[in-house]
Structures are given as structure tokens and as C-alpha cells.
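Subject: Structure for your review

Hello,

Here is the structure I promised to send over. Please open it first, then read my notes below.

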Amino acid sequence: MNFFRGVMGGQAAGPQPSGAETIHKLCDRVASSTLLEDRRDAVRALKSLSKKYRMEVGTQAMDHLINILQTDRSDSEILGYALDTLYNIICNDEEEEQDESEDAVTPLPVSGKHKNVSMPDENSQKQADDLGAQFTEMFIQDPEHVTLLLALLEEFDFHVRWPAVKLLTALLKNQGVQLQGVILVSPMGVSRLMDLLGDSREVIRNDGLLLLQQLTKSNAAIQKIVAFENAFERLLDIITEEGSSDGGIVVEDCLLLLLNLLKNNSSNQNFFKEGSYIQRMKPWFEVSDDNSGWSAQKVTNLHLMLQLVRVMVSPVNSPGATASCQKSMYQCGLLQQLCTILMATGVPADILTETINTVSEVIRGSQVNQDYFASVNAPSNPPRPAIVVLLMSMVNERQPFVLRCAVLYCFQCFLYKNQKGQGEIVATLLPSTIDANSISAGQLLCGGLFSADSLSNWCAAVALAHALQDNLTQKEQLLRVQLATSLGKPPVSLLQQCTNILSQGDKIVRRGSKVQTRVGLLMLLCTWISNCPIAVTHFLHNQENVPFLTAQISENLGEDERLVQGLCALLLGICIYYNDNSLENYTKEKLKQLIEKRIGKENFVEKLGFITKHELYSRAAQKPQPVFPSPEQMLFDHEFTKLVKELEGVITKAVHKSSEEEKKEEEVKKTLEQHDNIVTQYKELIREQDAQIQELKEQVASMSSQNEVMQTTVTQQLSQIQQHKDQYNILKLKLGKDNQSQSNGQGDVSQVNGLQTEELTQLREEVEELRKQHTLLQTLLGDKDTLIDTLRSEASQAAEVSAGGSENEELLKELEALRSQVQSQSAEINQLSTERQELLRRAEAGSSDVVPSTDGTIDAAKMAELESRLSAQTTEKERLKEETKSLSESRADLEQQLASATSTVAILQTEKTKLQTEVQESKKEQDDLLMLLADQDQKIHSLKLRLKGLGETVEDEDDLDARDQTDDDDEEDEDED
């Protein structure tokens, strides 16, 4: 311990040991000490010396420290010291961490001299980086060392887990690829690292984020594993907990890790979209009305969030994945939120620029998103479309260069594969749609095209070219645009004005690059007239254009003008390739002769090749977004590079072809067109046949199902037939065992046949009898109908009779007779039904008795004759059954008629009841009248007696009747006279 007292600051006498000697002694102490405390003190001393004596500690103590990690797993304190020491010798950071005061050790200076420590320069930093890489390589030579560190991550102790996380991060920074390979093959390696995000101690969680950032760099396999370990859910939760865009550097670390996981990884992008994580990004972009005073961290966070959105819809992704993400962003309202930031006030310039770029890629190639963007209005008075406001910024030379590039990119993305939007932009230039009271997109483009700022010229020309990209209709419509150049002069076409400015060249004073305006106009003209013979004709109609192009191409100009020469050659080549020979002076053949005389074919092709050889051409061809370090380098457009690549070869061939070859080529084209027409006809025929085949397939499918059902039915029927056959064979076997049939033989068979003949004759007679009874029943029913009609007529007459007891009695008698007839007929019907059932029973009994016997001694001929007789008798029996069935049907008809007759009788009975009631009432009235008449007769008789008693002459009723009779006879005699 005296040694440690000296090292720890004791004033020992004599010469002090050097740093290397001290480290050597400490290493020996670590290796040889048996007490844990001694080893712990030695490792703590090494930790104190590891920053100043990095080389010595690394070379001498690394193996001992690794051995400590393996053997002293039970003591967390010594593990922490060992991990910190390894971190100090491997880490290459310039900033040194301060040691804890209780662990501080005052190391002795080299050679006993103190030196002032200054900030390391580039050479010292490079040496430190090399040293860290060397120590890292030494450490990971054995993959078990990395596995050991991953195992230590499971220790919950802060003093072990945190240094292990820092050490792994440093190793990944120095030797990332090698360490990624070791972790990838380590069991549960990535899962252990992902557990760091769930640690409740923010220091470990935050350093775990840094570790995962290093781990996921440029390794798609690890990125997928991390993503499927629920990384997206955890990271988004942390971002929300930390305050989203208003959060601190932890939010930045989470966003950087998300970018690592998603960038150029289609699998993770699809997983992010399918997990509905795009919807969780919308709250990030909610901004308040007051956007002043944004912190630098908030700007950084929002910038990374916008980059994260762009990663999901980047043009380099597959078109299907990009379209799906664009759709999700529109549906969840993310695009609307971005447009709100776009039109908000007070947003920092770099955030506004990145927002414009983000909106550009969200709407690129998506018709729905493009239509929505076209409908967005800026919050101005009066409201203006967002496109117009953005174009005003693009053609304004006072705006920042990056912002103008972003607006141009946004306009290009708005028109990408958007023929509707192209038509709307071109329509703002046409005379019939120009509104003098408002500023339109077309007016801004024309203003920028002819302004004094070369960058505005270039941007406007490229923007207008995108309005014509792959749209023949708009190319022809733009030919109608007329411009008023000055007062008193007639208007000129837009095409003519472009060529006029192009021919003036450097005569017009402009701010910016000299060639930028001409390059922009030439790109516009090439895009305009390509694949549009009408535009080529309009261009060639100006007599000055072709001489200007040939003069430009044939001149020997400087390096800056070579690009203009190449573009002029491209424009002249397009005039040849898309020429329809409508102008006699400028046919294909005459233009080629002009090139051969004035320029030379080889020289023309060489000048045409200047375009693709330009250094800025390849940079523009890489990606659609216009990104340039300075305005002077803004010369090529991405879509124009595609056009050059497409046309350079065909123009070269067209210039070298002779007239005969062109004629042959035209004939071949016509033949190909004819073939194409034939192929089209065949395609239509094939489509029709495909439709017919589809219908037939459906029919076959339905018929197959029907066939299956029928097969099932047939199978069932076959099984039933088989059952009947089995039953028939069983009956034959039973009859074959009958002893009585074996003894009687053929005599019994004849007896059976005789019985069958007699029964059949009796059945025929009974059928005839049933027919007669049927006829009789029909006759009786006719009589009943007549009787019913008679009763109805009599009932109507009886209703008119006011008195007549005798007639009512007759009616009652007739009704009683009718009821008895109905009952007798019902009895007859029941009897017939009973006879019919008996006949059916006897017929069934006869069929069951008539079974051929199988005598073992009867020969095959007799058996065949017996079976034929049986079949004949069975046929006769079936015929009789049919006749019985018809008779039963006739009987059913008779029963129906009887039921109707019964209902009629019920009706008559009701009427009879009514008549009886009326008769009773009339009898009561008659009795009352008789009583009254009796009273009156009595009074009259008493009055007559009184009159006679008074001596008056009173005539009796008999005398009065006789007198009335005499008077009637006299009147008849007078009438005869």
C-alpha cells in the first residue's frame, strides 16, 4: 500500500517513477493481486491515467481489463472502472470528461516536467483517431469480447450499464462495419440494445439512442431487426413525451434514428406505413398563429421531421410505395397541415424552404394531391392561389436562391404527370382567359421569361417547359399565345419572342450568368417543338431561325459557349427529326444538305455531344430536385436530361441517313403501322375471345356443379336400384327354400297363374261397376242441381207470400227429402270409397302373391316363361292401378261437386230458416187480425141487434153479398151490349 500512497499524492522522497513505469506496476498489481480491493484500487488508478497516458494504458492494460470483465462480474464497482478505462483509451472525442473528485489521481508528468495542454490540431486529432481505431481493432479481434459487453448490458447497475453503452458506441464509431457484423450474429444482440430505450434512467436511454444511431448506419439487416423490435412505436412515444418539435436534443436523436431506419429501406418504409405511423406525424406540424422566436433546437427538430416525411415519398422509392404513402398523407390530413405551414407568416426561411420541398414530393405524380394543392389559397386579400404566390417568389430576384429553387421544384412536381394542371397553366396565357384585374401564373411566367434577371429567365423557361412536358395538346395551344411588345406594334407569338431574345444574345444587359438565359430558352424551345410537327413548322416558318442556328453551331466559341452550341445543334436536329416536310424550303433533305454544307455532319455530331459531356449535365440527371451550389451552375433541368438522352441517338442517325434510306424507313414505318393496326385488331379479337372464354369458363363451372349434383343423384339412384336388386334376390332365395313349391312344381305355378287370371277378371268387373256407379253419381248430381234451382225459385216465390202455412209445410217436406237424399248419397260415396280401398288392398295382395317360385328341378325355359308371365301380369296390374287412380280422381271431382251441393243446401237451409221466421211473424199478425175481426164482428152483431131492437131494418152479410153479386152481373150485361 506504500506504493499507492505515493501514487495518490504522497510526498515520497527520491526520484519519482515515470508514467509508463507506474502503469506497468499497476498492471502487475491487477494481474497478481488476490484481494478484490487491491485490484479495484489498481483499476481505478489506471482509469485516472488512461486519458493522459492513452497509448501506454491501451498497450499494457487492455488484456488485464478484459480479464477483469470476465472474472470479476460480481463486483459492479470494478466493472465500472474497467469499462470507463477502456472507453477512455478507445474514444476519439476531443472533449474530455471530468473525473469524479473521489476517483481523481494526480499522474506524474513525463520526465518530471509539466506541459501545457492545448487544443489539438488536425494532425493530433488524426493521430488520436488512428489510435482509437487501432485499439478498437485489438478489442474486437476476439468476437467474445463484444459478446461480453452485450452481456454486461443486462446488468441493471448504473455504473456498469452506462459505461458499457458508451464503450459500445465508441467501438461502433471507430470500426462500425466489423462490429455490426459481430452484433448481427450474436444471439439476442440487437434485442439487448433495444432494451436500452425502455430504461427509466434518461441518461442511459439517451446514450442508447446514440448507440442505435451508430449501429443502424448503412446496414439494412440491422435496420430491419431494429424496426421489428417495435422501434417505431418506442421512438414516437419518446418524441411525444419530450414535446414533439418543441422538445430538446433527445427528439433530435430520435428523429436521426428514424431517418437511419427508413432511408433507402423499402421494407421498413412499408412497415412504417402499414403500422399507421404516418398518421402520428401530423401533430408535429401544428403551428400557432405567432411563429416568432423559434429556438434553434425547434428549427432543427422540424427540419428533421420534414426530412422524415420526404424519405417516405422520395422519388427514388418505388412508384407504388410512394403513391401509397402520398395517399395516406392526404387522407390523414398531413398534406393539409404542411400547406398551412407553407402559407403561415413568421416561419423561418430554412423551414419554409424545406416545407416547400416536402410538399413538392408529397404531391409529385399524385393527381388527388395535385388537385388539392391547386385549390389552396394564400391568406391574402383578395385570396390568391398558393401557386401564384409561390411563382411570385420564384421570379423575384430578391428572394434567397434556395427558396427560388424550392419553388421551382414545387411547380415541377405539381405539373409532373398532371395534364389537367398543365392545361390550367397554359390556359392562363391564352387570350380568351386572361383576366386584367388579377395576376395569373401565366403572366408571372412570361414576366420572368423576359425579365432582366438571368436566373428568373431560366426558372420561368424551365417551369413553362414542364407545362408542356409530354403534352401535345398544350404544345399546340401555346402556339396561340400572343404578346404585346410595345405600343403601336403588332403582337408577336410567344415562340417568335423567344427566338428573338435568343438571337439578340449578349446585346441585352442582364444580371447574372451570360449563357443562363439562352440555355433556358433553348431548353424551352427543344421541349416545345419535340414530338410536335406543327410547332416545328411554326419555328421553321420564321426565315431567321435556321440561319441563326447554323451560324451558332459553325462558329468556334469559347468554353462557356459550347453548351449553347450543343443546344442549338439539338434544336436543329429536332427540326429535322420531327419535320413533316410541309415547308418546301425546309424539308428534311434540305436541312440535312444545309448542315453538310455549312457545318459538316461530323462537326454537327461533335457539337451535339457537348451537352452530355458537360459536368453539370450528369449532376442534373441524378435526381429531380434542382440543387445547385450557386445560381451560375443552374443550367440543366432533370427532365430535359431525359429528353437529350432520348433524342441524341435518333438525331445522329437522322442526320447521317440518306434520302433513299429515309424513304425506305418511311416505307418500313408504314408497314409497321399496318402491322400495328393488324396487331391491334388481333388484340381486340383476342380480348373478345378472352371474354368469351371467360363466359364459357363460367358456364363450364356452373355445368360442372350441376354435373356434380346429377352425379350425386345418379349415385343415390344406383344405390336404390342395388337395394331393390338385393331385395329381389333375397325374395328369390326365400321362395327357393319353400318346400311346398318344390313338391308341387309346375302345377302350383299354373294354379297361381289361374288364380291371377280369375282375380284380374274380377278386378275388371269391379272397375266396370265403379264406372257405372260413377255415371249414376253424375246423373244424381245433375238431378240435385235441378232440384237446387227449383228450390231457389220456390224460395223466391215463398218470400213474396204474406201468408200460407200450407206452402211452408210443403217446403219443409221438400227440404227434409233433400237432406235424406244427401245423406243417402254420402253413404253411397263412403261405400264406394270402402270398395276402392278393398280393391287396392286386393291388388297389392295379388302383386305380393304373384312371385315366381324357384324350384331347383324346373329348367331354365320354364323359369323364363314364368318371369315373362309375371311381367305381363305386372303390366296389367299397373294399368289397373292407373284406371283406379283415374277413378279416384273422378271420385274426388264428385266429392268436390257434392261439397258445393252441400254448401248450396246450407244456403237454402239458411233461407228456409229466414222464411220460417217470416211465416211465424205472419202467423202472429194473422192471429192478431183475427182477434180484431172477431171483436169487430162481435161489435157489429151487437149493433145489429140494437138496431133491430130499435125497429131499423138491418141487412145481413149474406144479403149484401147477394146484392153485390147481382150488381156485378148487371154491369157485365151492360158491357156486352
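Which residue forms a salt bridge with Lys-273? Glu-274 does, and the closest N and O atoms are 2.7 Å apart. A salt bridge here is a side-chain nitrogen of Lys or Arg within 4 Å of a carboxyl oxygen of Asp or Glu. Lys-273 is buried, at 15% relative accessible area. Glu-274 is exposed, at 53%. Buried means under 20% relative accessible area, exposed means over 50%, and partly exposed lies in between (1.4 Å probe, protein chains only).

Two notes on the source. This is a predicted model: local features need pLDDT of at least 70, side-chain atom pairs count only at pLDDT 80 or more, and totals for chains, interfaces and linings use all residues. Residues are numbered from 1 along each chain as its sequence is written, and side-chain values use heavy atoms, with hydrogens and water left out.

More on salt bridges

The structure holds 21 salt bridges. One of them joins the side chains of Asp-246 and Lys-298, at 3.3 Å from N to O. This pair links distant parts of the chain, 52 residues apart. Asp-246 sits in the loop between α13 (231-241) and α14 (249-262). Lys-298 lies in helix α16 (residues 296-312). Helices are DSSP runs (H or I, at least four residues), numbered from the N terminus. Asp-246 is exposed, at 55% relative accessibility. Lys-298 is buried, at 18%. Leaving aside neighbours within four places in sequence, Lys-298 is in contact with Ser-245 and Asp-246. Contact means heavy atoms within 4.5 Å.

Arg-518 and Glu-561 also meet through their side chains in a salt bridge (2.8 Å, N to O). Arg-518 is in helix α28 and Glu-561 in helix α31, so the pair ties together parts that are 43 residues apart in sequence. Arg-518 is buried, at 8% relative accessibility. Glu-561 is buried as well, at 15%.

A covered helix

Helix α30 (residues 545-554) is mostly covered, with 7 of its 10 residues buried. Among them are Val-546, Phe-548, Leu-549 and Ile-553. Their cover includes α28 (516-529) and α31 (559-577). It also includes α27 (494-504), α29 (533-541), α32 (588-599) and α33 (601-608).

Cavities

How many cavities of 30 Å³ or more does a search of the whole structure find? It finds 7. A cavity is a set of points on a 1 Å grid over the protein atoms alone, where a 1.4 Å probe fits but cannot get out; lining residues have an atom within 4 Å of a point. A volume is the space filled by probe spheres set on the points, which are joined across faces, edges and corners.

The second largest cavity holds about 60 Å³ of space. Its lining includes Arg-364, Tyr-409, His-466 and Asp-637. α22 (401-415) and α36 (638-656) each supply at least two lining residues. The largest share, 3 residues, comes from α22.

A surface patch

Ile-678, Tyr-682, Leu-685 and Ile-686 make a nonpolar surface patch of about 380 Å². Patch residues have over 30% relative accessible area and no salt bridge, and nonpolar side chains (Val, Leu, Ile, Met, Phe, Trp, Tyr) are joined within 5 Å. Areas come from the Shrake-Rupley method with a 1.4 Å probe. Ile-678 is found in helix α37 (residues 659-736). At 40% relative accessibility, Ile-678 is partly exposed.

Best wishes

Conventions
Patches are made of residues with over 30% relative accessible area and no salt bridge: like charges are joined within 9 Å, nonpolar side chains (Val, Leu, Ile, Met, Phe, Trp, Tyr) within 5 Å. On a 1 Å grid over the protein atoms alone, a cavity is a set of points where a 1.4 Å probe fits but cannot get out, and a pocket is an open set with protein on both sides within 12 Å along at least five of seven lines; lining residues have an atom within 4 Å of a point.
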